[in-house]
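Student: Could we go through this structure together, a bit at a time?
Tutor: Gladly; here are the sequence and the structure to look at.

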Amino acid sequence: MQDQNPAQAWSGRFNEPVAELVKRYTASVEFDRRLAECDIQGSLAHALMLNAVGILNADDLSAIQRGMAQILAEVRNDQFVWSLDAEDVHLNIEKRLTSLVGDAGKRLHTARSRNDQVATDVRLWLRAEIDALVALVKNLQGALLDLAEQHADTVMPGFTHLQVAQPVAFGHHLMAYYEMLKRDGERLQDCRKRVNRLPLGAAALAGTSYPIDREMVARELGFDGVCENSLDAVSDRDFAIEFTASAALVMTHLSRLSEELILWMSPRFGFIDIADRFCTGSSIMPQKKNPDVPELVRGKTGRINGHLVALLTLMKSQPLAYNKDNQEDKEPLFDTVDTLNATLRIYADMIGGITVNKDAMRQAAFQGYATATDLADYLVKKGLPFRDAHEAVARAVRHAESRKCDLSELPLDELRQFSPLIEADIFAVLTLEGSLNSRNHIGGTAPEQVRKAIHKARQALGK
Ligand code: ARG
């Protein structure tokens, strides 16, 4: 970072230069330079409008366009010389523009302020990032669908309280995460509507005395409309908070799946294996293969939750209108986007790299009396009140436990000790497949329903 001209853009009213430490403390260029392309895009739309309403002449407009084209190339080629003295991305670019095209560069800031400028930049930037994230969420949904399709009738134990509850299809389990991600994608798209409003024209806080055309700038930049109150436009960051809350939910959902992948990969479960490229070994224990990626996703969820709290706290009790506090919105927001983007990319690939041990899943379902509810339902269908059926089956389970076998392995006469209603047709009910197939309604785990859900999802997703 090079210190160029010591005179700040606003130093006219000051008697002494700002202290070195304060300069570093207040500067944001180290991180907000990331907004450079959006800043240029916003400035070009503003200049076009200034010309259209007669505030900027055609020569100045084309000088600004020429200068900005060069600056854009410099930024992209990493040749732009960023200066801490120029404080932030906006003043760095303006200063460079002026050095390239002279007075035209100094006219660009007519009828705007950095307050409406920065709010515009962040919205432009976040809009594009949301679009990329929505595509990545869909991509991960597609990976889940592929795996679910292969396992529409793979039986695993479904858990409540992490105790074996009832058999479910592994595909059904995966489709639960598909649903979560579907809502996550919807939330991101919904948040985008409120991101996509133009603050520019609010100027510092009260609007401007120039005859500006905000609608034109909004159209130029692809915004759905303008922010309708100038004070609100420059000050609120609710759109960033809302986005971060949506991101925290995506991460929260992935932390749940991660926790399950970690458990399933433990030899105690042995349900799955995760491809080596997502795992690491131990420097001391040669036998180890650790599920680092899901563990990190679980850990990084805490980091995103932290960003959400940081942004909420940043906004809390801020009086109208712009306050410098808002400069602190960028790092949490940028890190949220980067973390979520990387997580979604890596996760889709990792789901594609999962191998499933069907036998281990089946054994676990078989050992947990997962079809006990089916036996109770069988008795109810034969006329026994549910509470009595529940009691009879509980006794049968205790008996099977003492015999160290599954309910389906008890001979018929032993089963009949618990209810005379039990007949030979019970064995079809007590199989894992029988249990699965019987839950044959929308949202149920019957493989037929799982396949229907996958088909519907593929149509919705276009994948
Ligand atoms: N760097 C500032 C930010 O990120 C830009 C706006 C500063 N405005 C001001 N009047 N100091 O919020």
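**Aromatic rings and the ligand shell**

Tutor: Phe159, Phe269 and Phe271 are joined into a cluster by ring pairs, where rings of Phe, Tyr and Trp (its six-membered ring) pair if their centres lie within 6.5 Å. This is a predicted model, in which local features need pLDDT of at least 70 and side-chain atom pairs count only at pLDDT 80 or more, while totals for chains, interfaces and linings use all residues. Residues are numbered from 1 along each chain as its sequence is written, and side-chain values use heavy atoms, with hydrogens and water left out.

Student: How many aromatic pairs does the structure hold?
Tutor: There are 5 aromatic pairs in the structure. For Phe80 and Trp82, the ring centres are 4.3 Å apart and the planes are at 50°, so this pair is tilted; planes under 30 degrees apart count as stacked, over 60 as edge-to-face and the rest as tilted.

Student: And is Phe80 buried or exposed?
Tutor: Phe80 counts as buried because its relative accessibility is 7%, and Trp82 also counts as buried, at 7% relative accessibility. Buried means under 20% relative accessible area, exposed over 50%, and partly exposed in between (1.4 Å probe, protein chains only).

Student: Switching to the ligand, which residues surround the ligand?
Tutor: The ligand is surrounded by Ser28, Asp32, Asp88, His90, Arg114, Asn115, Val118, Tyr322, Lys324, Gln327 and Lys330, where a residue is near a molecule if one of its heavy atoms lies within 4 Å of it. By type, the residues of this shell divide into 2 nonpolar, 4 polar and 5 charged.

Student: Where does the largest share of the shell around the ligand come from?
Tutor: Helix H7 (residues 114-150) gives the largest share, with 3 residues; helices here are DSSP runs (H or I, at least four residues), numbered from the N terminus. In terms of domains, at least three residues of the shell come from each of domain 1 (11-110) and domain 2 (115-153 + 169-208 + 224-360), with the bounds coming from an automatic or database domain assignment.

Student: What about polar atoms around the ligand's nitrogens?
Tutor: Gln327 has a polar side-chain atom 2.8 Å from a nitrogen atom of the ligand, Asp88 has a polar side-chain atom 3.1 Å from a ligand nitrogen, and an N or O atom in the side chain of Ser28 is 3.3 Å from a nitrogen atom of the ligand. A polar contact is a pair of N or O atoms within 3.5 Å. Of the 340 Å² that the ligand exposes when taken alone, the protein buries 86%, with accessible areas from the Shrake-Rupley method and a 1.4 Å probe.

Student: Is Glu228 buried or exposed?
Tutor: Glu228 counts as exposed because its relative accessibility is 75%, and Glu228 is found in the loop between strand S4 (225-226) and H10, a strand being a DSSP run of E with at least two residues.

Key: Polar contact = N/O pair within 3.5 Å; in protein donor to acceptor, adjacent residues only side chain to side chain. Nonpolar A, V, L, I, M, F, W, Y, C, P; charged D, E, K, R; others polar.
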